[in-house]
Amino acid sequence: MTKVLGICGSAAPKSSTKKLIEAALDAAKTAGAEVEFIDAAKMNIHGCKGCLACKADQAKLCTQKDDMTPLYAKINAADAIIIGSPIYFGENTGQIKCFIDRLYAFIGPEGSRMKPGIKTAAIITQGYDDEKAYVQCANTLVGGFSHLGATAVEPLIVGSLHTADDLKPETIAAAKTLGKKLAE
Ligand SMILES: Cc1cc2nc3c(=O)[nH]c(=O)nc-3n(C[C@H](O)[C@H](O)[C@H](O)COP(=O)(O)O)c2cc1C
């Protein structure tokens, strides 16, 4: 069975990012996938310490022990990963950046330790109505996974949002289309 992970970079109580990721996962589940939502922004995930211990031994991942530790196995069991973040001051959130930096541990001395052949997609939410303004943030969200060999599909970027209450039905439908695509 296809496994789809949804990773959320917003800690907001009425998060639009979370709602879109959940809609995508719902559609993936309906399409027959096994799904899991990871509330990464609410987890204890420290930044990379740059110790390079992950570069010494192909069999070892990150030496830091925090909420990222079990996520390495979940990521490696997934066939597709949806990763979403709101824009904060022109960037992805700090919490999701910590998560992305910790993916560096998947690069071992003999190359990628991540399962080959996975698909990944970004979901960006923002207040600004220009949905082309922060395209580079969508690239950054999937960049770690792409570097490790994943194939990125077209992102979903949604402007004019402040909370999940601002989401239009057609935007939820677009998230569902993305989830279905990743479950294929
Ligand atoms: C600290 C902070 C900084 C923000 N900075 C920006 C910004 O630079 N550009 C923008 O378009 N929206 C900005 N926003 C608005 C959010 O990106 C937007 O409301 C987003 O949809 C929130 O997603 P969420 O509901 O999942 O938390 C900011 C919001 C916060 C709380």
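In helix α5, Thr-171, Ile-172, Ala-175, Leu-178, Gly-179, Leu-182 and Ala-183 are buried (under 20% relative accessible area, with exposed meaning over 50%; 1.4 Å probe, protein chains only). These residues lie on the same side of α5, because they cover an arc of only 135° around the axis, the arc being that of the directions from the helix axis to the C-beta atoms. The face turned away from this buried side carries the exposed residues Pro-169, Glu-170 and Thr-177.

The model is predicted: local features need pLDDT of at least 70 and side-chain atom pairs pLDDT 80 or more, whereas totals for chains, interfaces and linings use all residues. Residues are numbered from 1 along each chain as its sequence is written, and side-chain values use heavy atoms, without hydrogens and water.

The ligand is surrounded by 18 residues (a heavy atom within 4 Å), the closest being Ser-10, Ser-15, Thr-17, Ile-87 and Leu-161. The shell comprises eight nonpolar residues, nine polar and one charged. Its largest share, three residues, comes from β3; α1 (16-30) and β3 (80-88) each supply at least two (helices, H or I, of at least four residues and strands, E, of at least two, are DSSP runs).

A ligand nitrogen atom lies 2.8 Å from a side-chain N or O atom of Tyr-134. The protein covers 75% of the 640 Å² of accessible area that the ligand has on its own (Shrake-Rupley method, 1.4 Å probe).

Note on methods
A polar contact is a pair of N or O atoms within 3.5 Å; within protein, one must be able to donate a hydrogen and the other to accept it, and residues adjacent in sequence count only if both atoms are side-chain atoms. Ala, Val, Leu, Ile, Met, Phe, Trp, Tyr, Cys and Pro count as nonpolar, Asp, Glu, Lys and Arg as charged, and the others, Gly among them, as polar.
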